[in-house]
Amino acid sequence: MISWAESVFSIREGWFGYRDGKTVLQDINLSLNPGTFYGLIGPNGSGKTTLLDLLASTIQPDKGTVLFRGKPLAAYRRQELARMLAFVPQDFALGFEYTVFDVVLMGRHPHIPRFSSPAAKDLDRVEEALALMDITQLRDRAVTRLSGGEKQRVIVARALAQDTQALILDEATSNLDIRHTIEIMRVVSDRVRQKGMTVIAAIHDLNLAAAFCDELVVLKAGSVVTQGAVRDVLTNPLIREVFAVDGHIRVHPETMALGIDYVFKKEADL
Amino acid sequence: MRPVLLFTFLSVLLAAAVILATGMGFLQISPSEVLQVIVSKITGKALPETFNTVFPVVIMDIRLPRILTSALVGGGLAVSGAVFQAILLNPLADPYTLGISSGAAFGASLVLILTIFGISLPPWVSVPLFAFSGAIGTLIAVFILASPHDNYSSNTLILSGVIVASILSAGIGFIKYLANEKVGIIIFWLMGSFVGKSWTDMTLALSITLPGLFVILYFSRDLNIMALGARTAASLGIETGKTRKILLVWASLITAICVSVSGIIGFVGLIVPHFLRLLLGPDNRILIPACFFGGAILLISADTISRAILPSELPIGVLTSLIGGPFFCYIFRKRQWRGQR
């Protein structure tokens, strides 16, 4: 058991509500360990994005504290934090005609002093991220002229170029075809294995979460229902309780990987 | 290096525009004579005995202050427009999006209507001062209305600007109605002009435009990153709310001083950044200084055409739009065609 101080993120008794008085997150207790790939699952409106916003320090909790490497998030300078923590939000903008290369290079912003040009190391990281996301051939293309999936790969490449110890992904594969979805998940999970990166990713596809994540954090109506290893958390009763659908968990006979079948009746059968 | 080359070219172009424009007018003065006068003023050396004694007066007291003022106003408005477009992530934004021009116009109309009514005002109550106060008042109102709870998002800012501007427009309308047949004075001020601009006007414009330009250049890389959206920018180490506020305030101050000095000149702040972005790309580190040069050159040219070439002076705002509008339509259309292929 790793103590609070050693965890990368910890939230204790975290509460958050918007100004209209509706509580979005209540009494969140969470501890995320280094070198682990966390999947954040839960139905729409369960507070996943808000929880990730708290972890990314985009919003501050109303009550409780969020610690990052043992220190309150609010105590970090923004730039200092940006060297350690990358965030891929759902609502990214790509408004102006920057090239793919320029946008990925923006990921190096916290590492490059003001008025300095990018160093060789920065350019290396950018090239690496372009190659990993399979967008090297698009490098000189304006980001405004990319498809939805290409844009998403650019945004993830930007976060990878940031070269941080922790990464927060909010539905980062929602626009991608299956090949690129698997590709992103594989690249991210390689970073976890090889560099000890800590990742927390909101994922809708439970099969995808089961295949790549080490642990799952399950949210329902603003509370953490459970947290733990995929095998322990993902059960038929949990899927029924949290998502209100009948799921059937199966284990692949060779790879031992978990998969979920959804059981639903067609209208004609009713 | 490309940026060095670009800015050398733009500086030379601007200098040439200033010198050529100074030579043009009712009294034609050759560029070399203009240079001689300027150099002699700077170095303190006397001009040759044979030199026309009227030239230095025309150049130094009448033309140069007017030309330099128009350069600063043009550059200021273009830079301010570029900042508004980048911050609001909206290519339709211009220096007047937050209602700054309406505030200035209201302040100016207020003084003008009092003068029309024959109320004698103390000498410090000048039109520029009131225009500037009106602009700043508007800025404060917009900020209070937008409130920082969502880091001054584009939509709240634009909406607040529209609301404040429409109230002020009604106020201006009322003042115009009161002015009755003397409304021409107000309308003429609103259309913008550089007639009779002095060194004082030039200094006023410089005192805000120059520091503003430096502040904006300091944050120009942050401005680039903000194109990725507020959340992403914050995750890349930018104090989004604070940076937006600083940039909005400085861009608005520049707009306020420009409008106070010269009246409302449209078009420059919308089209110059737009056009240069098409040409040079969206990188604000290049775009913003280029906008300063571009805006300055455009307004010098327009003002010179109005002053020295046309048989009678046209309001400068009308002229910039008349010349620049069709030109921009052409560029815009051409680009769309290319985009479709």
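These questions and answers cover the chain contact, the core and a sheet in a predicted model. Local features need pLDDT of at least 70, side-chain atom pairs count only at pLDDT 80 or more, and totals for chains, interfaces and linings use all residues. Residues are numbered from 1 along each chain as its sequence is written, with chains lettered from A and ligands numbered from 1 in the order in which they are written.

User: Which helix gives the largest share of the side of chain B that touches chain A?
Analyst: The contact takes 18 residues from chain B and 21 residues from chain A. Contact means C-beta atoms, placed from the backbone, within 7 Å. Helix 9 (220–225) and helix 10 (230–235) of chain B each give two or more residues to the chain B side. The largest share, 4 residues, comes from helix 10 of chain B.

User: Which residues of chain B does B:C291 contact, leaving aside its neighbours within four places in sequence?
Analyst: In the largest nonpolar core, of 181 residues, B:C291 is among those that touch the most other members. Such a core joins buried Ala, Val, Leu, Ile, Met, Phe, Trp, Tyr and Cys through C-beta atoms within 7 Å; buried means 20 or more other C-beta atoms within 10 Å. With those neighbours set aside, the contacts of B:C291 are B:A78, B:V79, B:A82, B:V272, B:P273 and B:L276.

User: In strand 2 of chain A, which residue is the bridge partner of A:I11?
Analyst: Strand 1 (residues 9–17) and strand 2 of chain A run antiparallel, joined by 6 bridges. Pairing takes at least two DSSP bridges. Strand 2 (23–32) is an edge strand. There, the partner of A:I11 is A:L30.

Conventions:
Two residues are in contact if their C-beta atoms, placed from the backbone, lie within 7 Å. A residue is buried if 20 or more other C-beta atoms lie within 10 Å of its own, exposed if 12 or fewer, and partly exposed in between; C-beta atoms are placed from the backbone.
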